[in-house]
Each structure stands twice: as C-alpha cells, then as structure tokens.
Amino acid sequence: MTSYGLQKHRSEILVLRSGLGVGMQLNEKLSIGGGLGLIYNENRLDAPYIFQTQPTLKGFKTLLDLETSGFGWNGNLGILFRPITNLQFGVIYKSGTTVHSKGDASGNAQAQLTSLGGGFAGARPDFHYDAEVVNHFPQIVAAGLSWQPHARWRFSGQVDWVNWSDAFDRLPVKLSNGNNADFNALLGSDSAKDYVPLSWRDQIVYRVGAEFAVTEKFRLRGGYSYAKSPVPDKTLTPLTAVITEHTVTTGFGYEQGRYKFDLAYQWDLPAEQRVGNSGLRAGEYSNSATKIGIHWVGITTGVRF
C-alpha cells in the first residue's frame with residue numbers, strides 16, 4: 001500500500017544503427033546482399049520501481065532514476081528476384097541483437113521504509129548503484145513484393161515476422177557497488193539482480209503501399225499497416241505501451257538532378273488496452289487502462305555521386 005504520491009513516469013529506449021553492406025547481381029533476375037550493423041542503445045527510467053524477482057526485495061517500491069548505454073551488433077541477409085521487368089520479390093532476414101548497457105541507478109525509498117515501520121523507518125533511504133540492463137532486440141524475417149502495372153503507378157506489399165517472444169521475455173536489471181550500508185546489510189551484499197517479466201508475443205506485421213508519379217520528378221505515396229499488439233495485458237504498463245495496431249502513412253518524393261528529397265507523415269491510430277489482474281507485483285496496474293496514439297514526421301535527403 002506504499003504510495004509516493006503523484007509521480008511522472010518516464011521511460012526511454014533509444015536504438016541507433018550504423019551499417020555497412022554489400023550487394024551482388026547474380027544475373028538479370030536475381031540479386032543478393034548482406035550487411036553488418038553497429039547498434040548503440042540507451043535506456044532511461046525515471047519512475048517508481050517495484051522489485052519483481054529479487055528474493056529479499058520482492059514487492060519493494062522505490063523511486064528510481066536509471067540511465068545506461070552500450071553497444072551491440074547485428075547482421076542482415078537478403079535476396080531479390082525479378083521474374084519480369086515490372087515485378088520483383090524480396091526476402092530479408094535480420095538477426096537479433098543483445099546489448100549489455102551500463103550506467104548508474106539512484107533513488108530514494110523513504111515512503112516504502114516508512115510504511116514498513118519498525119527498524120526500517122530509521123534506515124537510510126537514498127542509494128546509488130552501478131547499473132547494467134541487458135536488452136535483447138528481436139530477429140526479423142520479412143517478405144515483400146513490388147508491382148508496377150503502369151509507368152505512373154507502383155504498388156507494394158510486405159509481411160514481417162518479429163520474434164518478440166525470445167527478445168522481450170524478461171528484462172534483466174543488475175545493480176552493483178551499492179553505497180547504502182543499511183541496504184547492503186539487508187541484502188547481505190552490495191549487489192542485487194532483478195528480472196522484470198515482459199512475456200511479449202511474436203508479431204506479424206502486414207503492410208501495403210502505393211506510389212503515384214505525378215511528374216518525372218514528383219511522386220505521391222500512401223500506405224497502411226496492421227500488427228496486433230505484442231504486449232500481454234498481464235505485463236502492460238504505461239512504460240511499455242507499444243500497443244498501437246493500425247498505422248496510416250502519406251508523403252511525397254522529389255528529385256532534381258543528383259538530389260533527392262522525401263517527406264513522410266505517419267499516424268499510429270489511437271489504441272487502448274486494459275489490464276484486469278496485473279501479473280506484476282504490488283498490483284499497481286490492476287484494473288487500469290492505457291491509451292496511446294502517435295504522430296511521426298520524417299524528412300530524408302540524398303545525393304547521388
């Protein structure tokens with residue numbers, strides 16, 4: 001029943017990828033390619049945190065400010081088949097990625113210690129640890145086609161399989177070198193390991209799109225995608241609310257000589273998902289609902305040499 005009052009919940013998972021690839025045209029109809037990518041991952045959590053699996057701290061609630069960052073790598077391999085001039089098929093595989101990100105975790109457990117009472121009420125509430133978060137990003141298999149029935153029209157379709165069940169089964173959090181003597185005495189160590197259950201499901205993403213060439217230099221585009229939410233009700237929180245299912249997009253492209261400019265707008269339509277009995281400790285999210293809708297704008301430019 002411990003409460004820290006009204007709190008802002010902030011979470012962030014940032015992933016940046018830089019890659020190097022090579023492709024080869026085997027014949028007029030068949031091409032292959034592959035690449036390797038360096039992944040940079042940054043994690044941020046600023047919210048009340050409830051320990052889930054640590055034997056001594058199960059259900060213990062504290063304010064937590066955690067920041068970690070680290071690097072990993074992945075690879076991809078693809079094949080492109082063009083049976084006729086205006087029709088092509090492609091398949092690509094992207095490997096999963098594991099990133100051991102490291103940083104700091106600090107916080108204050110005053111409200112929890114006060115509610116426990118007894119000797120806990122006089123314990124030092126603030127703490128600092130070295131932190132490590134292990135993120136697993138999913139492997140993906142995608143297959144698609146592109147058809148140009150007319151010089152001005154192009155249609156495309158794609159299906160993706162995203163292996164969330166192996167990647168986001170649980171989130172390991174490791175704390176070490178704790179500076180709070182009272183917590184260290186309670187744990188019998190200056191370290192603690194916790195695992196946050198996620199239990200995400202694999203996801204199938206369906207995509208369709210169309211492009212119309214208004215002129216040789218100017219093109220209009222539109223698209224739609226659908227994917228059922230991979231997040232189960234029992235582990236849903238506002239911090240992991242990747243629950244949007246329907247997405248619409250529009251945009252245009254413009255080319256002038258060696259230069260190319262593209263503008264895109266994407267709307268992840270509003271979605272709502274409800275939790276009955278939460279599978280997370282302390283029942284913080286039981287009988288709750290999470291709503292989300294996202295607007296994106298993307299601008300890209302390119303130069304041909």
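Aspartate 268 is buried but takes part in no salt bridge; arginine 207, the nearest side chain of opposite charge, lies 8.7 Å away. The model described here is a predicted one. Within it, aspartate 268 belongs to strand S14, which covers residues 259-275. The side chain of aspartate 268 does have a polar partner in the side chain of glutamine 266, with a polar contact of 3.1 Å. Once neighbours within four places in sequence are set aside, the contacts of aspartate 268 are Thr244, His246, Thr247, Gly293, Ile294 and Trp296.

Glutamate 132 is another acidic residue to look at, and its place is in strand S6. What is the nearest side chain of opposite charge to glutamate 132, and how far away is it? It is lysine 174, at 4.6 Å. Glutamate 132 is buried and has no salt bridge, because the cut-off for a salt bridge is 4 Å between a side-chain nitrogen of Lys or Arg and a carboxyl oxygen of Asp or Glu. A polar contact of 2.9 Å links the side chain of glutamate 132 to that of histidine 100. With residues up to four places away in sequence left out, glutamate 132 touches His100, Ser101, Lys102, Pro172, Val173 and Lys174.

The nonpolar residues come next. In soluble globular proteins, nonpolar side chains tend to be buried together. The largest nonpolar core in this model has 23 residues, and Tyr49, Phe60, Leu64, Leu66, Leu175 and Phe183 are those with the most contacts inside it. At least two residues of this core come from each of strand S2 (30-50), strand S3 (61-84), strand S6 (126-137), strand S9 (170-176), helix H3 (181-187) and strand S10 (192-197). Of these elements, S6 gives the most, with four residues. Tyrosine 49 touches Phe60, Lys61, Thr62, Leu64, Val173, Asp194 and Val196, again not counting residues up to four places away in sequence.

Leucine 14 can be followed in strand S1, which spans residues 10-25. Is leucine 14 buried, partly exposed or exposed? Its relative accessibility is 30%, so leucine 14 counts as partly exposed. Leucine 14 and glutamate 42 are 28 residues apart along the chain, and their C-alpha atoms are separated by 5.0 Å. Apart from neighbours within four places in sequence, leucine 14 is in contact with Tyr40, Asn41 and Glu42.

Key:
Residues are numbered from 1 along each chain as its sequence is written. This is a predicted model: local features need pLDDT of at least 70, side-chain atom pairs count only at pLDDT 80 or more; totals for chains, interfaces and linings use all residues. Side-chain values use heavy atoms; hydrogens and water are left out. Buried means under 20% relative accessible area, exposed over 50%, partly exposed in between (1.4 Å probe, protein chains only). Lys and Arg count as positive and Asp and Glu as negative; His and the chain ends are not counted. A polar contact is a pair of N or O atoms within 3.5 Å; within protein, one must be able to donate a hydrogen and the other to accept it, and residues adjacent in sequence count only if both atoms are side-chain atoms. Contact means heavy atoms within 4.5 Å. A nonpolar core is a set of buried Ala, Val, Leu, Ile, Met, Phe, Trp, Tyr and Cys residues joined through side-chain atoms within 4.5 Å.
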